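Work through the two exercises below with the structure open beside you, and try each task before you read its solution.

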Amino acid sequence: MRKTKNAISMFLLKGVTFLMILLLSISFVYILGWILVQSFNTPLGFMKKPFSFVNLSDLSFDSYIKAFTLNAQRTSFLEMLLNSLILVGIDVFMGALFLPPLCGYILARYEFPGKNLMISIIIITATIPTIGATPITYSLITKMGLLDSFLAIFVMSLNCFGFGLVIMMNYFKGLHGELMEAAALDGAGRMQTYIRVMFPQAKGLLGVNVILQFIGTWNDYMRPYLYLPSHPTLALGMDLVRATVVQQGQDYPTLFAYMIFMVGVVTILYIIFNKQISTNLYTSALK
Amino acid sequence: MSNLKIGKKKDVGHAKRVSSPEKRKRILRDRIFIYGWLAIPIIAWLIFYVYVNVDMVVKSFYNNNIYNEYKYVGLENYKTIFRYFTSDTTTAGYWNVKTVLNSLTVFPLLLFLHFLNILVAYYNFKKSFGHKAFQIILFMPSLIALSAWAQLFRLALDPQIGIVNVLLKSLGLGSMIPPNGWFGTPEIAWQVVLAFCIWTGVGGSTMAYYSSAMHRIPRELFESAMLDGATELEQLRHIVVPLIWPLFCTMTTTSLGGIFTLATQPLLVTGGGPAGASTTIGLLIVEQTKAGGNTGLVCCLGTIILVAGGILIKVYHRFVSKFVEEVEY
């Protein structure tokens, strides 16, 4: 009796879950498919029939050309793309390649006074919300003369205390130390040991972190919104683009082309590295 | 976990207990290497974490005028915030009880999303119907920018070209559509933001973390449970939930901060409007920072968040980690 009751409730649970994710998936696929299809439409053709497929006679790549050459409130598409890439470059280097692995390695592999204190500080920093200090950080950045400059992002990313550092630390703790000792016996310097021996061993995880950092920064909204108001990235510029092309001329297809480009870049990246992401990250990060 | 301890015992890097001058020199060099590199994040942390937070607490006792002159006012800011956050008028901009109530709904929402994500992860883990397709499609929330999702959401709810209104009308539910549009009605603006959070909150990296945690559970546990005739529901309750509980604790503890930090979603979907009906505490701080209003008041709010958030996280973490022992044994 209990068994059948359990089986029925499991069936219900699974059924409800299935229905929910089916609806979600349909909504995702539909809305993305819709903007993909309509991005090849003409503005007029779209406004006439926003929900039907594009007439083959209306099919055009105009909206893509328009999107790539548009000027949204004095900022061109190429400028936004460049801003996105600079921001991504800073974050990938600072957030995934330089300080977190190096400091994680030092914390994992060396004993020194103050180590435990530092680790607990890092964990506290990562958990307690400090959004309230935003105005102070903002005015500090302004006082340093860095507002609206990429240097602001760089300077703030020097503070690498957070979960990324904890993950790297745990990863280096899990590696075997023989190679490191052998390198030290060979007379390799400390930095050499790290760069030649330890850094390559973490290649898999580091690669995944680079990809995830790329996606995260490409999509980031809040930091450019606060600190780079006149250097809009593609994510931040979406509202500008909407305001320019839609409110001025009902030119939705150009907005769609812009969005397809934005979404397409990270989707392609994810498809290429899908396997590495799922095997590498989730086996090493979840300690 | 285990290799972590072995690694520690086997090698302690270049530093070892030694006495000869040569070895002492080596330790000194070790220390230069260690502290030299760690100094970079420590200095940045002292500036962008310690300094800004201490300054925030100090400034919470001050008021500033438009010339940026600060005047000590004691607990005045705290009283003001208490007064604002208990009144439902909009005389003080978005500083009202609605903002606090909105923020308080964030945590139940996040808990609910974690629950859904565990269910979805288990569904895919059990290789139920369509799991491969779902796994790929449902990763999209983490892949696509929140600003793009918000744009898509607003397009779907658009009165002219939105599919939602068309669907509702064809289902005979046209009366549900608010006459002022989904984003123009103060009474439902926050619900619209919540709907957006749910739409983009199922799947993504949260689901991926849970499903990978499930894949790391030893196969034998399920095999022996199945031999004992345990149903899938019992496996979920007695094997999966206890074993992914630590992950659940960590992830929900960090999302507890969301009560105070959730700002991007309302900013992108409704801009906090209309008339501040869908503002959160986080968005209030961001907008006040941009507008450069009364810094003292915002700092006071930040101090309250720091203290309340710290206590809340501590209490919550103790509560949920206690719960795990009861489940496991």
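**Exercise 1.** Which element gives the largest share of the lining of the second largest pocket, and how many residues does that share hold?

*Solution.* Keep in mind throughout that this is a predicted model.

Step 1. Begin with the space itself, for the second largest pocket has a volume of about 800 Å³. Of the 20 residues that line this pocket, the closest to its centre are Ser27(A), Phe153(B), Leu157(B), Val164(B) and Trp199(B).

Step 2. Next, list the elements that give two or more residues to the lining, which are helix 1 (2-38) of chain A together with helix 8 (146-156), helix 9 (163-170) and helix 10 (186-199) of chain B.

Step 3. Among these, helix 1 of chain A provides the largest share, with seven residues.

Step 4. Sorted by class, the lining of this pocket has 19 nonpolar residues, one polar residue and no charged residues.

**Exercise 2.** Describe how helix 4 of chain A packs with helix 2 of chain B.

*Solution.* Step 1. Two packed helices are described by the angle between their axes and by the distance between the axes.

Step 1. Helix 4 (residues 77-109) of chain A and helix 2 (residues 21-59) of chain B pack at an angle of about 140 degrees, and their axes lie 10 Å apart. Because of that angle, helix 4 of chain A is oblique to helix 2 of chain B, and the crossing of the two is left-handed.

Technical notes
Residues numbered from 1 in each chain as written. Chains lettered and ligands numbered in written order. Predicted model: local features only at pLDDT ≥ 70, side-chain atom pairs only at ≥ 80, totals over all residues. Heavy atoms only, no water. Axes fitted to C-alpha atoms, helices over the stretch in contact; angles between N-to-C directions. Helix = DSSP H or I, 4+ residues; strand = E, 2+ residues; numbered from the N terminus. Parallel < 35°, antiparallel > 145°, perpendicular 65-115°, else oblique. Left-handed = near helix turned anticlockwise from the far one by under 90°. 1 Å grid on protein atoms, 1.4 Å probe; cavity = no way out; pocket = protein on both sides within 12 Å on 5 of 7 lines; lining within 4 Å. Points joined across faces, edges and corners; volume = space filled by probe spheres on them. Nonpolar A, V, L, I, M, F, W, Y, C, P; charged D, E, K, R; others polar.
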